[in-house]
Protein chains: 2
Amino acid sequence: MDTAIINTKLITLQGHGLGIIDDGAVAFSHGKISFVGKTSSLDKGEVENIIDGRDHVTMPGLVNAHTHTGLTILRGGAQDVPEIEWMNRALGPIARHLKEKDLVLGAKLGVIEGLRSGITTFGEYTTNIEELIREVYQPFHVRVAATETINEVISDKTKIGPKDVYELDPIKGNISLGKTEKLHREYADTKLVEILYGPQALDMVSPETLDKVKESASKLKAKIHMHVAQGERERLQVKGRYGKGATTVKILDELGMIDDDLIAVHCHDTTENEKRSLVEKGACMVGCPSSISMIDGIVPPVWEFLSLGGTVGLGTDQAPGPGTHNMFREMRTIALLTKTKYRDPTVLPPWQTLRLGSLEGAKVLGLDDTIGTLEEGKSADVITVNLSRPNMTPSVDFPFHNYVANLVYSTTGFEVDNVIIEGKFIIRDGNFVQVDERKVVEEVQDRAVTLFKDATDDWEDSESHLVNVFRKGLL
Amino acid sequence: MDTAIINTKLITLQGHGLGIIDDGAVAFSHGKISFVGKTSSLDKGEVENIIDGRDHVTMPGLVNAHTHTGLTILRGGAQDVPEIEWMNRALGPIARHLKEKDLVLGAKLGVIEGLRSGITTFGEYTTNIEELIREVYQPFHVRVAATETINEVISDKTKIGPKDVYELDPIKGNISLGKTEKLHREYADTKLVEILYGPQALDMVSPETLDKVKESASKLKAKIHMHVAQGERERLQVKGRYGKGATTVKILDELGMIDDDLIAVHCHDTTENEKRSLVEKGACMVGCPSSISMIDGIVPPVWEFLSLGGTVGLGTDQAPGPGTHNMFREMRTIALLTKTKYRDPTVLPPWQTLRLGSLEGAKVLGLDDTIGTLEEGKSADVITVNLSRPNMTPSVDFPFHNYVANLVYSTTGFEVDNVIIEGKFIIRDGNFVQVDERKVVEEVQDRAVTLFKDATDDWEDSESHLVNVFRKGLL
């Protein structure tokens, strides 16, 4: 065995709870977990590199099931505006100045901050996903469920009213679909990369293209990763295109898109029956608590899907709006939001929330054969969390494991001090082993100053809520 | 001038917004601020010690308007239970094993983590406040609005049902009142210490003692810091003691307690009219977002009090439940909770939330003549926040200050790298100057292991929701 972490508080996530092993050890060899158990049962003579994990939790790496990390370069650029304005009038006027390379730069930053807070798998969603795979995920040695956006909108969204139906061009969609199929072939045997299909949303892709997406994904046994029923903007578009009685879930159902290959992101604009139907047909759901509360003022229906027996993961979405790529933060946020939504402090307790940010996210992305638990034979995607930081103290094993609550409610993310992906240390004792964090920060900062400046006229012309606030001297 | 921070993004909090000065400088001398303005206007020849604050926000220290830091030693001990159980059945069985010295130890830890995240003033609330002043706040050189708990309950709260009215002993209250008066005299001229009166709550103090408290506080021109209308447990007690139609606000009003000397903490169990009456009579309100959402499943009525024109601060309450003493976290939490409560992403924007965690908290505690803004003549209670951390990048000044949103939505608290109280560096470049953080962490950890172990029988006998969860193997 090449490496073992011993004397640690092991959260294996095996079984129906957390599968805690007091004074546990996990060892791995050639990227795969080779031992999980009590430290006393490990044959230490066989281990080359022993790490003392005392005062630490050691657990599976976190899974960010839905994210657009490229937009991290626009952090702080769009929030606190009405939902209907956010995409086209607040983010849009700045985002239209993004060059392709900016998304790579933004993704580097987003992945870095995600790694720092223990994320080892990213459900990435972007145009030109191949560039992010080649320039970010592969050089950083980070696991990615990679989704090329399929979007056919050709209208200038900054210029059309909210009720004007987008003009779609199926040629655009077919190009992205073709890219996806090509990537699927090329990365079929590549470790750490899984290719998903990404029709952006029902209002942005024609039914003809959705048919083709479904057919192709079925043939290649790939999951379809799609924004579903994400609020007023989409609702107006769907009614405009498909008629007054239409809803996203109804139309997707008619198109045969709802089955266990569907990853349905957001889903807050769905009825109880629609949620039930999604769950019964096997679709998985992803909630993005910080994003949807910030941008829509809505608590994602994570608890509702769980109560119906659904499989649910969590995602950070994009930085502008929610702020950060930090799954510990997402876990705490969905817990607090849900407790207040139901006025019940007992809902979404930490032993359940902790699974959402890790194992359940792996299931959503179809990766739970490989990751999500500490179990012999699975990939060594492992993190350690330092419980001896002031905000994590004390931690006791008896009479109950108080640190389970602290992991969800007190962790900032910066307590993560080792991040291991497929057996390789990405962060060791709090420092990146290979990634040049400072360089990325400086490059993003330099480029963002210019980018925001270039966007000034478009931003001011948008007359968004944020512009009005700015004019009052408050921003 | 002894010290100046230059080339920095200055948030002065002067005026109605944030009072931002781009490329600003703040200097101080003998503990007081002596210069606030553009870096170019500062006469640097007169400054002994110049700190380059580029890529940093420099702003007033944060104010934690209501907290019980002593309980930090029980972090992770009680949460995810029904509100009615929390105090007496979940926290109580462990808390009854606390010795007086444990509260000192817990307070050291709580103050340390608070300082780390930029809190320079604590609205501390505890029995034996004098010990915390002498053993924590004074040696650490930290500002405290110190409140001795006045509580007359003599019933064993773990043994009585929720509807049994507590037995009160006014002698107990009079002793605490006497302590408060004595402290007020002794610390009248002591810098960094302000003594407040602390009748714990209407259900825990007799009306006779409340009369005496009010009379004494008025004479000494001190504020009264009190938990007001904090939910079902209190409501049942008040109705039991004062009759079916009684509410906390009604009875406090009859007792003449509601005026601009009242700091009313929580207030979530109040009607719209009661809120209005509190505001109109000048009472200030403190919301504890993490605590009240975690323990009660309720969004504190911060936005309601603000909308009525009230003065509102934020507090961290105690660690068990919400988790941490971190005002950046409280600011983000109240923003997200309020946005979802009103399904409106525009409410509680960061330019307002940032004031709640600092200046408005100072007003609540009656300290805004001394702290709360960067302004010549005020005390140099100043923090710097590193914006070049990955999760804070990028930061731009043009066309608007994107970092204002990032300060509230992306900060974990660990970006705070300088904490200055009355001109003295408590944390410098990320490290404590005098406080021995490691020693405190180790002492708390050692003691907590024993304390939790000693509480085992009482905890199990409580048969609380948490105990049932534990028995299912989930904790």
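Modeller: What follows is a conversation about the two chains, their interface and a few individual residues.
This is a predicted model, in which local features need pLDDT of at least 70 and side-chain atom pairs count only at pLDDT 80 or more, while totals for chains, interfaces and linings use all residues. Residues are numbered from 1 along each chain as its sequence is written, chains are lettered from A and ligands numbered from 1 in the order in which they are written, and side-chain values use heavy atoms, with hydrogens and water left out.

Colleague: How many residues of chain B are in contact with chain A?

Modeller: Chain B places 84 residues in contact with 84 residues of chain A, where contact means heavy atoms within 4.5 Å.

Colleague: And what area do they bury between them?

Modeller: About 7,000 Å² is buried between chain B and chain A, and 65% of it lies on carbon and sulfur atoms. Buried area here is the accessible area (1.4 Å probe) that two parts lose on being put together, summed over both. W351(B), F400(B) and L475(B) supply 10% of the area that chain B buries against chain A, more than any other three residues.

Colleague: How many salt bridges are there between the chains?

Modeller: The count between chain B and chain A is 2, a salt bridge being a side-chain nitrogen of Lys or Arg within 4 Å of a carboxyl oxygen of Asp or Glu. D80(B) forms a salt bridge with K339(A), with the closest N and O atoms 2.6 Å apart.

Colleague: Which helix gives the largest share of the side of chain B that touches chain A?

Modeller: That is helix α15 of chain B (residues 437-454), with 9 residues. Helices (H or I, at least four residues) and strands (E, at least two) are DSSP runs, numbered from the N terminus. By class, the side of chain B that touches chain A has 40 nonpolar, 28 polar and 16 charged residues. In this scheme Ala, Val, Leu, Ile, Met, Phe, Trp, Tyr, Cys and Pro count as nonpolar, Asp, Glu, Lys and Arg as charged, and the others, Gly among them, as polar.

Colleague: Back to K339(A): buried or exposed?

Modeller: K339(A) is buried, with a relative accessible area of 0%. Buried means under 20% relative accessible area, exposed over 50%, and partly exposed in between (1.4 Å probe, protein chains only). K339(A) lies in helix α11 of chain A (residues 327-341). Not counting residues up to four places away in sequence, K339(A) touches residues including Y409(A), D80(B), S293(B), M294(B) and G297(B).

Colleague: What about H401(B), and which residues does it touch?

Modeller: H401(B) lies in the loop between β14 (382-386) and α14 (403-409) of chain B. H401(B) is buried as well, at a relative accessible area of 11%. Leaving out residues up to four places away in sequence, H401(B) touches L475(A), I20(B), D22(B) and V396(B).
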